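Let's walk through this one together, starting with charged side chains and moving on to the strands. Have the model open in your viewer.

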Amino acid sequence: GSVYAIAPTADRIAVVVGLSRRVYDLATGKEVCACERPAAVPEGVWAKWWARGVTFAPDGRLLVAHETTPGLGVWDAETGKSVAWFVPDAPLPLAAYTFSGPKTVVAAYG
């Protein structure tokens with residue numbers, strides 16, 4: 001499956017197809033970045049990571065994706081560099097998350 005999100009500034013789109021997580025410029029169609037594997041996530045786990053949802057932070061600078069197995073990834077939406085990786089205590093997939101400000105993820109639940 002695939003999921004996508006439009007940046008709040010309406011200038012970029014994040015597209016997740018299978019194991020690929022990429023950001024594109026909407027005006028030109030050119031790739032802005034590809035999201036890298038977080039250092040905290042082993043290659044074997046990363047190779048099985050399928051996103052169920054993706055969204056931009058309100059300021060458009062961060063990209064957040066949650067997956068079918070527990071985990072919430074945060075990337076810089078300009079460079080694709082991993083910013084943070086969260087794994088919940090319970091072995092349930094995350095269902096939703098929200099922001100308290102331009103960059104802060106405040107809540108995630110499964």
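Lys 81 counts as partly exposed, at 48% relative accessibility; that label covers everything between buried, under 20% relative accessible area, and exposed, over 50%, using a 1.4 Å probe and protein chains only. Its salt-bridge partner is Glu 36, with N and O 3.9 Å apart. A salt bridge here is a side-chain nitrogen of Lys or Arg within 4 Å of a carboxyl oxygen of Asp or Glu. The pair ties together distant parts of the chain: Glu 36 sits in the loop between β4 and α1 (43–46), Lys 81 in the loop between β7 and β8, 45 residues apart. Glu 36 is partly exposed too, with a relative accessible area of 31%.

Before going further, keep in mind that this is a predicted model, where local features need pLDDT of at least 70 and side-chain atom pairs count only at pLDDT 80 or more, while totals for chains, interfaces and linings use all residues. Residues are numbered from 1 along each chain as its sequence is written, and side-chain values use heavy atoms, leaving out hydrogens and water.

The structure holds 4 salt bridges. Which residues do shared partners join into one network? They are Asp 11, Arg 12 and Glu 78. Arg 12 is buried, at 6% relative accessible area. Its closest N and O atoms are 3.4 Å apart in the bridge with Asp 11 and 3.2 Å apart in the one with Glu 78. Asp 11 is partly exposed at 34%, and so is Glu 78 at 44%.

Now for the strands. β2 (residues 12–17) pairs with β1 in the antiparallel sense over 5 bridges, and Ala 5 stands opposite Ala 14 there. Strands are DSSP E runs of at least two residues, helices are H or I runs of at least four, both numbered from the N terminus; two strands pair if DSSP finds at least two bridges between them. An open sheet of 4 antiparallel strands runs β1-β2-β3-β4. β1 (2–6) and β4 (31–34) each have a single partner strand, so one side of each lacks a neighbour in the sheet.

Further along, 4 of the 5 residues of β7 (72–76) are buried. β7 pairs antiparallel with β6 (residues 62–67) over 5 bridges, where Leu 63 faces Trp 75. With β8, β7 forms a hairpin with 5 residues between the strands, and Gly 80 in the turn has a positive phi of about 80°.
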